[in-house]
Every structure is written in structure tokens, then in C-alpha cells.
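Student: I would like to learn how to read the bonds and contacts in a model such as this one. Could we go through them one feature at a time?

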Amino acid sequence: MKLRTPKLVGPLAVFLVAAPLIWWRTSPVVQAQVSNHNATRQDFDQLMKQLSNQGRWGKSDQMGAVNLITPAKRKQVLGGVKEGFSVSMARNAEMEAASDNPRPIVHQMNLGRGGSIPTTGIGSASDSISISYHGFVHTHMDAFCHRLYNGEMYNGMPASAITEKGCSMGSVFSFKDGIITRGVLIDIPRLKGVDYLEPGTRIYPEDLDAWVKQAHLKIEPGDAVLIRTGRWALRDSKGPYDTSQLAGLYITCAKWLHKHDAAILGSDAAEDVHPSGIEGIPEPIHALVLVALGMPIFDNLDLEAVSKEAAKRNRWDFLVTAAPTAVPGETGSVLNPIATF
């Protein structure tokens, strides 16, 4: 017995035949927006103007985007601590000279009188540390006077404020009271399904958006955005390497940070991809973030432990606390930022 298909007649037949065609024609094609992958020096100069926060918090402001970390923001993130479990995001001090550590920390012990610890009575020991923290190994914070553009720092602070005695404006001393805010880990190797990014890998805004979507995150004003490239996993696996090749953010990510009103940018490397791809500007993200956006930077974080802890919990945001040294005039500071879940 054959089943007969009823004939479609009249308006109903026209609608059923035409409907798929109508849907195909009217439905939008959803595609991820691709950012500019071929930026130029001219683009850099334009971004320096377009993204500028100069005057946003007053003519004499020296806090920049950290102003977005309001008392309400601090209370909110403190209230979000569930376990009280903390993990450091500082790299253990690298004491040996290497291709990426030409100026290792110098640690000198003082064992007291006679140069030895007595075995009876009260003994003592002291030491001194010498560190040149800027570079590609030691975990540190960059202040505004670390970078200038056309003779000016963030908010138009002049180059004349920087002398041999230190920085009278734009120094890390402005942040003596510390940083307490929400940290958001953007784990690009995990997004890509690898242990680490290969040196020289560019991270684009669409990568940041893809991770935010995958991790069910929302970037909020005043957040510390922390970018994991897996740099330390690579170094621990293969040893020190030439820092002329580093995975990091491409110049167009500065616009993404501005859009989301981030307060702090941090990374396990130098934030910028090396080479930058911008003629004459080796680290455009550094310049745009420090000078235009007014965002301090947390350099050379070690994000391996916090990445593992975040993955265990499937939670990619946490409390961040950090305090620089209280030395007036410093261009930055050694740092030990703490993540607390």
C-alpha cells in the first residue's frame, strides 16, 4: 500500500515552499568580528589620542584607572570571597643570570659579629637585597613615570618631573594604600588547548572575547585583567629564552581594555607581543596602557598556580590584593600579588 502525499494548493503551498527561502534571506549571518591584524604606526598615534583618559579624573590626578576601584567595588569583591584560599601570583626570585635575566637579584647575608651564627646565647642574622626589577623576569608593578609619549606621562604629567632624584609625579608612591579589586584570569593557552603559547604568538581582541564567553565571565569596571600566555610553563620546560620573541597582546587589545574600563593590566610576560609589528614602537600596549589609559601594569606574574586553582573550581575571577613598596619617586615596585578565592 502506497502512502499518498497530499497535494499542496493555494496560499498554503506558496508559503511552505517560500518560507525556507525567506528565512535564509532574512536571517543574519553571525560571524565573530575580526580586529585589525595589520596595524601601523599611524594607528598607534591615533589610539594614543582616542583612548586617552587625560582629565577624566581631574587635571592633577595621579591614580588613573585605579580610580575605578571604588570603595563599593572593594566591598563587593571582598564579599565575593567564598573559601578564603589564597595563592601567590609572583614568580619565585630568579637568582641566576640568564638570557632573559641579565640582572639577577643579588642576595647578601650578614651573619653578625665574626661572620658566623653563635651556637650559644642569642644570635642574629640579617641580609640585603639588590634588585633591578624592570625587565622580563622579576614580578613587579609599572607606574606611570615608567613610560612617556612625546615628552608626557599619563594625564599630561611632564617629563621634567623625572630627575636623577626620582619621579616627583607619576610614581608608584601614589598607590601606597594598595590595590584591592576583582581579578579576572584570561587563560589563552587553555582556550587554545595547549600548555603554553609559542613565543611571538599574537593575542587579539577576538581571543579575549572568546575566553570571556567560554569562561562565562563579564569584565566589569575596575577589574584587574590578567593575561596568561603560559610563559613560565614554557621556561620551566625548555629553559630561558630570547625575549625578542614573546607571546602577548597585539596593539588592538588596548581598545578592548578601554572599552571594558579595566583598572589594572597584568600578564605572565611583558603584556606586549614581541615583536610588536609596529614600526618604531617595541611595546605599544605598555605605552597605550600607561600613558593614554592610565592603567598601572603588573609585569611578569606567575599565573601557573592560580590557573590550576581556577580550573579546579571552574571559577576565573577572584580577589586580588597587592601593595607596592612605599618609596617616593619609584618608577615601579617589586610586587607579590595575591589571589584569594
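Student: Are Cys145 and Cys167 buried or exposed?

Tutor: Please keep in mind that this is a predicted model. Cys145 and Cys167 are both buried.

Student: What joins Cys145 to Cys167?

Tutor: In general, a disulfide is a covalent bond between the sulfur atoms of two cysteines. Here a disulfide joins Cys145 to Cys167, with an S to S distance of 2.5 Å, and the structure holds one disulfide. Cys145 lies in the loop between strand 4 (140–142) and strand 5 (162–163), whereas Cys167 lies in strand 6 (residues 166–167), so the pair ties together parts that are 22 residues apart in sequence. The torsion about the S-S bond of Cys145 and Cys167 is about 90 degrees, so this disulfide is right-handed.

Student: Which side chain meets that of Asp236 in a salt bridge?

Tutor: To count as a salt bridge, a side-chain nitrogen of Lys or Arg must be within 4 Å of a carboxyl oxygen of Asp or Glu. The side chain of Asp236 meets that of Arg91, at 2.8 Å from N to O. Because Asp236 lies in helix 6 (residues 231–238) and Arg91 in the loop between strand 1 (86–88) and strand 2, the pair ties together parts that are 145 residues apart in sequence. Asp236 is exposed, with a relative accessible area of 54%, while Arg91, at 16% relative accessibility, counts as buried.

Student: Which residues are linked with Arg91 and Asp236 in a network of salt bridges?

Tutor: The network links Arg91 and Asp236 with Glu94, Asp100, Arg231, Arg235 and Asp302.

Key: Residues numbered from 1 in each chain as written. Predicted model: local features only at pLDDT ≥ 70, side-chain atom pairs only at ≥ 80, totals over all residues. Heavy atoms only, no water. Disulfide = S-S within 2.5 Å. Helix = DSSP H or I, 4+ residues; strand = E, 2+ residues; numbered from the N terminus. Buried < 20%, exposed > 50% of the residue type's maximum accessible area, 1.4 Å probe, protein only.
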